[in-house]
Amino acid sequence: MEVSVIGTSQAQIGRARLAYRKLGFYNPAAQGFSRTTRICFDHSQRWRTDGVRFSLNAVHSEVLRSEKVSGDVSTSARRSKPVDGVRLYVGLPLDVVSDCNTLNQVKAVSAGLKALKLMGVDGVELPVWWGIAEKEAMGKYDWSGYLAVAEMVQKMGLKLHVSLCFHASKQPKVSLPQWVSQIGEVQPDIFHTDRLGQHYKECLSLAVDDLPVLDGKTPIQVYHDFCESFKTSFSHFMGSTITGISMGLGPDGELRYPSHHRVSKRGKVPGVGEFQCYDKNMLSLLKQHAEATGNPYWGLGGPHDAPQYDGMPNSNNFFREHGGSWETPYGDFFLSWYSNQLMSHGSSLLSLASTVFCNSPVTISGKVPVVHSWYKTRSHPSELTAGFYNTVDKDGYERIAEIFAKNSCKMILPGMDLSDDHQPQESLSSPELLLAQIKSACRKRGVQISGQNSSVSGAPGGFEQVKKNLLGEDGVVDLFTYQRMGAYFFSPEHFPSFTELVRSLSQPEMLWDDMPNEEEEVGESLPVGSSSDKNLQMQVA
């Protein structure tokens, strides 16, 4: 069966949904499609042979129809030109390259790339995992799967941004390199540790950056060699296909501590998180700093009166709105040290990437999280535990913008789809005010921003919020990456809305040469699942 999932307007979206119902496989009450057609996007169900076909002719016909309606038909159609200079990218599935370094669902990805190209999307983002490319032994690299993806993107005429991921992922399951995990079993203090001694094993502790804990090498040295190997192996793509590289800076690739990695038990309202300063190497650095400042007793551990992961700001004394320990000399001592360790780590990795790729015609970037819970309190506790010393009296993002500016790097900000109106009131959250603060810091330092959404599942009113952030008057965001391609991304519940976003940002006008001939095969099979194929993943890298 061939199904068009390209929409162009709200009216067409409605007609498309009606058509899906008439065809018998659209069911708004179900997670996926009707069993009667043996077509399903639901990850819990699999069919061995059947799949969905995306028709590129549908894209062609919709573009022509739109031009006729608007009266803007030109015999010399031009390529798409982004409004206000905002370029649009789409993230590839996190598991587009498997743990065995092979491509997952090649036909599905190829069809998706064709659809994106015809829509006027500028390029795609590719997550490159440390745990896959340097899986078996230090210095033993296998780039074959990622090279294959780069070739696919190049042949499609799209641009490619690469995210170097030095962290692990739970869903889909991507581990750190085997040899690193083996070292961690013997030396668990290479990982971040909380107050109860629980280790976060999805990235290395920033305290070991310059310690020879990886078979005689420091993590910084290992990251450097990884980047050098990548640069050499992908040299013929640099500047032409690969135009940007994002340096992984911590958990989920972001510059932060893993302070919120435990799922909240309080429902929609997140806790403040916990300080991650209890591995022996972090404690050693804290002890040295306390002694150097003449307060040795302050270096015995983290704050004793801070809440646990799910705790509310006022559940203990440290983050209390008025008279909390965060406002005392000890609080300033600890929070300054804790934040400075993170800033030093981020500066080292951005400097490393800028140095390795200095002669390559690519843009270097790093991701900074938008930790917006409890932003409307005086202490901003969620930001403090994540490593950002940002309070009612202190701007914690000026320093970060300065680091990015010093290393000539762009800043990636997720959460462009989040609005204050759709946050739980009791969390005192404000993603809009926090984004505005970070944008202001970047503008002062001349740092360009790349935006991302928070999740493909979509925040309420997310598409409108994205457009508001991208087409605003500040002009600081020049590139937006929509996360992420996968089963839901191409579903009739989601894809028409995405096409509306593309149209509103790019106003695409297609080259006639881009259109497939009637004789050409224009459908690509997107298998929903099989006994051997993995489902496409949609999380943010």
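**Exercise 1: Aromatic pairs**

How many aromatic pairs does the structure hold? Pick out two of them and classify their geometry.

*Solution.* Keep in mind that this is a predicted model. The structure holds 35 aromatic pairs.

Step 1. Start with Phe275 and Phe318, whose ring centres are 5.8 Å apart, with 85° between the planes. Planes over 60 degrees apart count as edge-to-face, and that is the class of this pair. Phe275 sits in the loop between strand 8 and helix 8, and Phe318 in the loop between helix 8 and helix 9, so the pair ties together parts 43 residues apart in sequence. Both Phe275 and Phe318 are buried.

Step 2. Now turn to Trp298 and Phe333. Their ring centres lie 5.2 Å apart and their planes make 45°, so this pair is tilted. Trp298 belongs to the loop between helix 8 and helix 9, while Phe333 is part of helix 9, so parts 35 residues apart in sequence are tied together. Trp298 is partly exposed at 26% relative accessible area, whereas Phe333 is buried at 9%.

**Exercise 2: Salt bridges**

*Solution.* Side chains of opposite charge can pair when their charged atoms come close. The count here comes to 17 salt bridges.

Step 1. Asp478 meets Arg87, at 3.2 Å from N to O. Asp478 lies in strand 12 (residues 477-482) and Arg87 in strand 3 (residues 87-91), so the pair links distant parts of the chain, 391 residues apart. Buried means under 20% relative accessible area; Asp478, at 14%, is therefore buried. Arg87 is partly exposed at 29%.

Step 2. Lys287 pairs with Glu291, and their closest N and O atoms are 2.6 Å apart. Both residues lie in helix 8 (residues 280-292), four residues or about one turn of the helix apart. Each is partly exposed: Lys287 at 41% and Glu291 at 43%.

Step 3. Glu327 meets Arg378 at 3.0 Å, N to O. Glu327 is in the loop between helix 8 and helix 9, and Arg378 is in the loop between strand 9 and helix 10, 51 residues apart. Glu327 is partly exposed, with 37% relative accessible area.

Step 4. Finish with a network: Glu398, Glu402, Lys444 and Arg445 are joined by salt bridges that share partners.

**Exercise 3: A charge over a ring**

Which residue lies over the face of Tyr389?

*Solution.* Look along the ring face of Tyr389 and you will find Lys394, at 4.8 Å from the ring centre.

Conventions
Residues are numbered from 1 along each chain as its sequence is written. This is a predicted model: local features need pLDDT of at least 70, side-chain atom pairs count only at pLDDT 80 or more; totals for chains, interfaces and linings use all residues. Side-chain values use heavy atoms; hydrogens and water are left out. A salt bridge is a side-chain nitrogen of Lys or Arg within 4 Å of a carboxyl oxygen of Asp or Glu. Helices (H or I, at least four residues) and strands (E, at least two) are DSSP runs, numbered from the N terminus. Buried means under 20% relative accessible area, exposed over 50%, partly exposed in between (1.4 Å probe, protein chains only). Rings of Phe, Tyr and Trp (its six-membered ring) pair if their centres lie within 6.5 Å; planes under 30 degrees apart count as stacked, over 60 as edge-to-face and the rest as tilted. A charge sits over a ring if NZ of Lys or CZ of Arg is within 6 Å of the ring centre and within 35 degrees of the ring normal.
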